[in-house]
Amino acid sequence: MCCLPPRARDTRESLSVTKGLKDEMQRRRCSRADYSQKNISSTLKRDRDTFVRRSKCFPFCGRRNTTEEKICTFSTPLEERQKEREREMVYSLLSRAAATTTTTTTTTTQKWRSSSFPFPRKKKKGWNDANKENTGRRRRRRRRRGIRAVVQSSSTPNNPDDDDDETTSVIIVGGGLAGLAAATRLQKDNIPYVLLESSDGFGGRARTDVVNGYTLDRGFAIYLSSYEECNRIFDLDDLDLRTFYAGADVRFENRFYRVADPFRHTADALPSLLPEHKIGSPLDKVLVGLVRLQTVFLRVKPLQRESEKTIEERLSEFGFSDEMVDRFFRPFLGGIFFNPELTTDSRLFDFVMRSLALGENCLPAKGIGAMAEQLVGKLDENSVHKNAKVEEIKNVEDGAVEVRVNMVNKEGQKTTSIKRGKKCILAVEGPECDRLLGTKDKQREKGVGTTCVYFSCDKPYDAKNPMLYLDGEKYKGSKGGKKTLVNNCCFPSVVSPTYAPNGKHLCSASIIGVPSELSDEQIGERVKSELSEWFGESITSSFELLKVYRIPFAQPVQTPSAKGGGKNAFEQTCESGAMKNVYLAGDHRDAATFDGALMSGRRCAEYAKSNGMF
Ligand SMILES: Cc1cc2nc3c(=O)[nH]c(=O)nc-3n(C[C@H](O)[C@H](O)[C@H](O)COP(=O)(O)OP(=O)(O)OC[C@H]3O[C@@H](n4cnc5c(N)ncnc54)[C@H](O)[C@@H]3O)c2cc1C
């Protein structure tokens, strides 16, 4: 048994370990031929284990602390600085030696560097526990690690073009909202990551183009101001949300009937109780109010409840008339879930009703794509890559994950690279997720589609009210009534003038499904002619087709499992079940909304973190 006081003993231990390491590195630099990752990591591991084992022999102060804590408790600032210098020397030795050998070895160095070797970290705790323990010491340690992460990324730019077989802590595949939320969460904790996005921009299904000065969202989409995760992650001032009118104008028998939110537009809602209002009976309107109240005051939130019902079943359970379902709910909810048959899980109906009751329909002033832009703007630019398509994912030794990436470099050349990660977050659409995992999943494989048609115009139908217009005649039962294309329509430039250049307006018309038999021009002509019946020639005569977006996979099918869907998205875990250390995020793991996608990404990052040491 050693008789030195604990502080002296620990200092001596740490010095002898680092000295041992230095010697080992010196020796190894002389014989680089056998300098393999295995040798290096096993030496490091052995030395670290020896250090931990020895340190555990010295319980003092009656506290059962980890080694790192013991050292911190008893070290003077001078000793602390000396230890820091020692550590840096070892790191730099390791880096220099590794830089002259294979890239794989560089990786090992980085791994150890980021795991605060030679001092083992405290056992990992749950995310919340870690947050609770936000002590000064922990903060200082984090800050130190943060500085190191920056140094690391600047000295070895995380560019996938640079070299093959690069390794990082987490590889995120997919730069949609889910992937970006995962990256945001990891970056917050200084966990090294690399995000690979196959297309030429970030945001996935939530992207926006600017065409001739018009802001065109890739498909008509709405930001609900009550989305909890969105509100948590975004700077709302920067998004500059502009609101729609709380309600809709429903087209029926050559005129519009207003269905208004009675709590926000009471005066407009009263006429809807009259018998001549053709969109549902007075009882239907009362029921709408009751449903809203119920979803707000339920103790358990809609998506956390159990359900094996479709929306259609839920509406009939409530007692809504067929007219109300066909004239209002089918076009309204069909426009949200791209499924006018209303076979979507009824929890999503409750979720939407609750969200509408608690918040408002909005558009960010710079378009839906502003959400992704805001997130990307806060990420380390060396860690996010577009035009980088992951072709293959596999597990390699030690449970690490290896991905093969095809990318286009800055010179426009196509290259292939291999990247390794301790963990991988797969944040791609359901079918692509199955392709990469080599699995088949009922819930993921099928999707619902939509087509969005944009026109420029001189004036909107109603310049004062930013309305959503619905076709109340399109559906008769689930089979459909009229053979028209347009389901819903709006003038985004009335919601936010930023959507169109000065003096002009933008009209957006949505079709459920993709009419593959029609060309863009044919779709444009048919939609314009339908809208001229809605709004009159005086409005549509100035319509000029700007763009047609065909989106065959807008959302996964969200049928409850008891009705032929797969395992329900809200009950899924982060585990892929098919590959080790590969976790799944994306809207097929939660409600297929902006909020659900963001939540799934954050959850995955937290799970990956709590499930292993970075
Ligand atoms: C037209 C439309 C309207 C919508 N309206 C609303 C709405 O009003 N409100 C709402 O809340 N939600 C709406 N949604 C749903 C919402 O947009 C999605 O649920 C959400 O954006 C999904 O995000 P995600 O990150 O899960 O997937 P995605 O956005 O699809 O992101 C996946 C990313 O992975 C990339 N990728 C795929 N394969 C690879 C690969 N092999 N390698 C690298 N990268 C890959 C893709 O390019 C993509 O960028 C709408 C969706 C659409 C299409």
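This is a predicted model: local features need pLDDT of at least 70, side-chain atom pairs count only at pLDDT 80 or more; totals for chains, interfaces and linings use all residues.

Start with helix H20, residues 520–535.

Where does H20 lie? H20 lies across strands S7, S14, S15, S16, S17 and S18. Against S14, residues 447–457, the helix runs at about 70°.

Which residues of H20 are buried? They are Ile523, Gly524, Val527, Lys528, Glu530, Leu531 and Phe535. The cover over these buried residues includes S14, S16, S17 and S18, and also helix H21, residues 537–540. Just after H20 comes glycine 536, with a positive phi of about 95°.

Now the sheet. As a reminder, strands of a sheet pair through backbone hydrogen bonds, either parallel or antiparallel. Here we have an open sheet of seven strands with mixed pairing, and the order is S8-S7-S15-S16-S17-S14-S18. Strand S8, residues 255–260, and strand S18, residues 544–556, are at the edges; each has a single partner strand, so one side of each has no neighbour in the sheet. On average, and ignoring direction, neighbouring strands of this sheet are turned by 25° against each other.

Tyrosine 469 has cysteine 489 in S16 as its bridge partner.

Next, the ligand. How many residues surround the ligand? There are 34, and the closest are Gly174, Gly176, Gly204, Gly219 and Thr593. The elements giving two or more residues to this shell are helix H8, residues 177–188, strand S11, residues 388–395, S18 and H22. S18, then, is both an edge strand of the sheet and a contributor to the shell around the ligand. By class, the shell has 15 nonpolar, twelve polar and seven charged residues.

H22 covers residues 594–610. Its 17 residues reach 24 Å from the first C-alpha to the last, close to the 24 Å expected at 1.5 Å a residue. H22 is mostly covered, with 14 of the 17 residues buried.

Last, the whole chain. The chain contains 22 helices and 19 strands. Of its 614 residues, 44% count as buried. Among contacts with a separation of 6 or more, 73% are between residues 24 or more positions apart.

That is the end of the tour.

How values were computed. Residues are numbered from 1 along each chain as its sequence is written. Helices (H or I, at least four residues) and strands (E, at least two) are DSSP runs, numbered from the N terminus. The expected span of a helix is 1.5 Å times one less than its number of residues. A residue is buried if 20 or more other C-beta atoms lie within 10 Å of its own, exposed if 12 or fewer, and partly exposed in between; C-beta atoms are placed from the backbone. Two strands pair if DSSP finds at least two bridges between them. Axes are lines fitted to C-alpha atoms, for helices over the stretch in contact, and angles run from 0 to 180 degrees between N-to-C directions. Two residues are in contact if their C-beta atoms, placed from the backbone, lie within 7 Å. A residue is near a molecule or strand if its C-beta atom, placed from the backbone, lies within 6 Å of it. Ala, Val, Leu, Ile, Met, Phe, Trp, Tyr, Cys and Pro count as nonpolar, Asp, Glu, Lys and Arg as charged, and the others, Gly among them, as polar.
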